[in-house]
Amino acid sequence: MNKPNRVIRSSEVYSTSEYGFSQGIVAYSPRTIYLSGIVAWDKNRRLREPDDFEMQTIQIFENLKLLLRSENATLNDVLRLEVFIVGIDSEKLKTYSKIAGENFSSGHKPASTVIGVERLARKELMIEIQVTASAP
């Protein structure tokens, strides 16, 4: 049986756990899952709320859960998130952090980077998330 993934912590480096992510993760599992940038489209490639950042973020987490489940993995297996937010500001960052915290409510906090961008591949997209996960 594989060891569970472990969060990297050091009392000599600032903490990020209150922001919903860890500085790093040690993975012991031999199977790695790489998800491309996932957006808020439904399965028919439609945005339910094209001008609503919160709803796009919620839909992305639903899409992430579905994709991970297709590989017998969950959000608890996520090692790293790379988050791209169009026109990032404190309100969008607060909204993203709230939704991420709700989705990682078990205490698991993957390593994470949030990057503000000018735009994504389609003008109606406000946020995109890439994921690296490790699962048995």
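Predicted model: local features only at pLDDT ≥ 70, side-chain atom pairs only at ≥ 80, totals over all residues.
Student: How many aromatic pairs does a search of the whole structure find?

Tutor: A pair of aromatic rings is described by the distance of the centres and the angle of the planes. Here the search finds 2 aromatic pairs. In one of them, Phe61 and Phe104 sit 6.1 Å apart centre to centre, with 80 degrees between the planes, and the pair is edge-to-face.

Student: Where in the chain are Phe61 and Phe104?

Tutor: Phe61 belongs to helix 1 (residues 53–69), while Phe104 lies in the loop between helix 2 (90–103) and strand 5 (111–117). The two are 43 residues apart, and the pair links distant parts of the chain.

Student: Are Phe61 and Phe104 buried or exposed?

Tutor: Both are buried. Together with Tyr96 they make up one aromatic cluster.

Student: Which residues of the largest nonpolar core touch the most other members?

Tutor: The core has 32 residues, and those residues are Phe61, Leu64, Tyr96 and Ile129. Strand 4 gives the most to this core, with 6 residues.

Student: What is Tyr96 in contact with, leaving aside its neighbours within four places in sequence?

Tutor: Its contacts include Phe53, Thr57 and Phe61, as well as Leu81, Val83, Ser112 and Ile129.

Student: Which residues form a nonpolar patch on the surface?

Tutor: Ile88, Leu93 and Val114 do, with about 200 Å² of accessible area together. Leu93 is part of helix 2.

Terms used
Residues numbered from 1 in each chain as written. Heavy atoms only, no water. Phe/Tyr/Trp six-rings, centres within 6.5 Å; stacked < 30°, edge-to-face > 60°. Helix = DSSP H or I, 4+ residues; strand = E, 2+ residues; numbered from the N terminus. Buried < 20%, exposed > 50% of the residue type's maximum accessible area, 1.4 Å probe, protein only. Core = buried A, V, L, I, M, F, W, Y, C linked by side-chain atoms within 4.5 Å. Contact = heavy atoms within 4.5 Å. Patch = residues over 30% accessible without salt bridge, like charges linked within 9 Å, V, L, I, M, F, W, Y side chains within 5 Å. Areas by Shrake-Rupley, 256 points an atom, 1.4 Å probe, with all protein chains shown as cover. Salt bridge = Lys/Arg side-chain N within 4 Å of Asp/Glu carboxyl O.
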